Amino acid sequence: MAKKQTLKPKDPRLHFTSGNEAVGLGALYAGCNFFGGYPITPSTEVAELMARELPKRGGTFIQMEDEIASMASIIGASLAGAKSMTATSGPGFSLMQENLGFACITEVPCVIANVMRGGPSTGLPTKVSQADVMQARWGTHGDHPILVLSPDSVQECFDLTVTAFNLSEKYRTPVILLSDETIGHMHEVIRIPEPGDMPVIEREASAEIPADWYKPYDYGVHSTAPLIPFGEGYRYHVTGLTHDEQGFPTGRPDESRKMLEHLLGKIEHAKDVYHVERLYLEDADSAIIAYGCTARVCKRTIYTVRHEGVKCGMLRLKTIWPLPVREIDEVCEQNDVIFVPELNSGQLMRAVKRVNRGRATIVPINRIDGQLFNPHDVAEMIINRSHGIDESDQLII
Amino acid sequence: MYGNGTIVHGTHMQVVRFAGSGGQGLMTSGRILALAAGVYEGAVVLQTQSYGPEARGGAARSQVCISDAPINNLNPSRIDVLVSLNQSSCDKYFGDLKEDGTLIIDSSYVNELPTDNGYSFPFTFYCRDKLGNPVVANIMALAYMVAVTEVISRDALEAAVTNNVPQRFIKLNLKALEAGFREGESAKAERRRQSGFIDTQI
């Protein structure tokens, strides 16, 4: 009897995976070869995948003693030439803040995946939340540049991780991938691109100048010097103190200002860091501004409210920080009411209000019970509001 | 896949929920079903889950949406199929079932059925006594569900199980799969007979 043929996948490049595993796969695609981390729900799947895959590919996986050391390890690995990342959730992210600032001032590329869960403290380990938005921006002290990306599907977990590595290399800055429990744990089918289909920025191994002339920092016109890995013969000093272009500490007011202006300017003036998705904004008179899992659910909301004749569009922020001010400004100019649904008590809403400068009415929609929005609940609120049934300033589920 | 500026809404979506207590293999059931539908049948799938901080015990559920268009409602509250492996989850989620939905329960642990239309089979006791290991009860329940509801083809489910179960457990899992298909088939035939259904393909 002939052996029964088992069914073949529709496409060999299709993978059925969770958001967290997609982050790991995206990191491997981007050439990540060092992972230092400490397991924490709901981000552990990233570490699990990296522990399994990195040694096979000649990379290094280290489980550190805590998140402070995890962050320190990826900075060290990056200075030695590795593309490094770590993954954590709220409580671990708090511990990483000090060294995150160190990575900012020393301009060391690295990627931190923060899979948000309910907080503060241990909070709700297995429930969803979006309450780390402001911590991602201002968690570490001092004026500092930061890039924060937020995926809304498993495919985007993959894509944005590759983008995170590229931006991190290009601008020599830590990039935070701000995922959440729902996106991290849900499973979908994704298509992994062939090597070369997506651009990957590689580290330069040598500068074209003699080692003695090499400057690890370049405070020129919003450019960044190539970071030559330690061990290539280019010797330089790395410190968390304010430093000059050689990397040595300085207290001179002119040099201090130059360094900080460079740090802030390189992200502020970058054109390719703002990623947004616009949905049905052309004819809209009200709009939703959202990110992450909330934005995903609100796509269903838009479908429902449009069906009821309410002209509502959506601006989805893939880049949360730096805030896409120009894009938000456009939406504030064109719409009468702007809904900002978030799984927190209104963190992004205040930033949107500041851009709005009183033009449109900003209506926050908040949910803080560890559950995801129901798209129909949000739709009902938007419909009631637009028919003048509900006039309240804040909608709480 | 997303982000092309339009929202496509599916015309046909099936929602299957597996519910019970942590450690019963609910996440595995959901993932295998979604994998079979998504990778082997090319459908758009989404699997979500909800559980407590405990490793075992506590309420757990796994939900699979199978559609023909991108799924944006990540947590639909109305479901087509409920596979319930303990009493508390059966009581809790029966209300979410659509009027014409299918209820399948493990009668090893569920004693009180909320409806007369449910399918009932002692998956855990059957696997323990006939197959020698109760851990495959989730796979048997999955196969039973597929036989009754036909949300996906049996070939797809078989391929998904064969390719995603550790080598040493494949035989056991395929046995559970076969038993599930068989029992589901006969339960469905029985139900048809009772309702006076006349097979026209004589």
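Which residues in α5(B) meet which residues in α6(B)? The model is predicted.

1. Chain A, domains. Domain 1 of chain A puts 23 residues into the contact, and domain 2 of chain A puts in 19 residues.

2. Chain A, the domain 1 side. Five elements of chain A each give two or more residues to the side that touches domain 2: β6 (124-128), α5 (133-138), β7 (147-149), β8 (174-180) and α7 (181-185). α5(A) gives the most, with 4 residues. By class, this side of domain 1 of chain A has 13 nonpolar, 6 polar and 4 charged residues.

3. Chain B, helix geometry. Here the pair is α5 (residues 154-164) and α6 (residues 170-194) of chain B. Their axes come within 10 Å and cross at roughly 160°. Angles over 145 degrees count as roughly antiparallel, so α5(B) is roughly antiparallel to α6(B). The crossing of α5(B) past α6(B) is right-handed.

4. Chain B, helix contact. This answers the opening question. From α5(B) come R154(B), E158(B), V161(B) and T162(B). They meet I170(B), N173(B), L174(B), L177(B) and F181(B) in α6(B). By class, the residues of this contact are 5 nonpolar, 2 polar and 2 charged.

Key: Residues are numbered from 1 along each chain as its sequence is written. Chains are lettered from A and ligands numbered from 1 in the order in which they are written. This is a predicted model: local features need pLDDT of at least 70, side-chain atom pairs count only at pLDDT 80 or more; totals for chains, interfaces and linings use all residues. Two residues are in contact if their C-beta atoms, placed from the backbone, lie within 7 Å. Ala, Val, Leu, Ile, Met, Phe, Trp, Tyr, Cys and Pro count as nonpolar, Asp, Glu, Lys and Arg as charged, and the others, Gly among them, as polar. Axes are lines fitted to C-alpha atoms, for helices over the stretch in contact, and angles run from 0 to 180 degrees between N-to-C directions. Angles under 35 degrees count as roughly parallel, over 145 as roughly antiparallel, 65 to 115 as roughly perpendicular and the rest as oblique. A crossing is left-handed if the near helix is turned anticlockwise from the far one by less than a right angle, and right-handed if clockwise.
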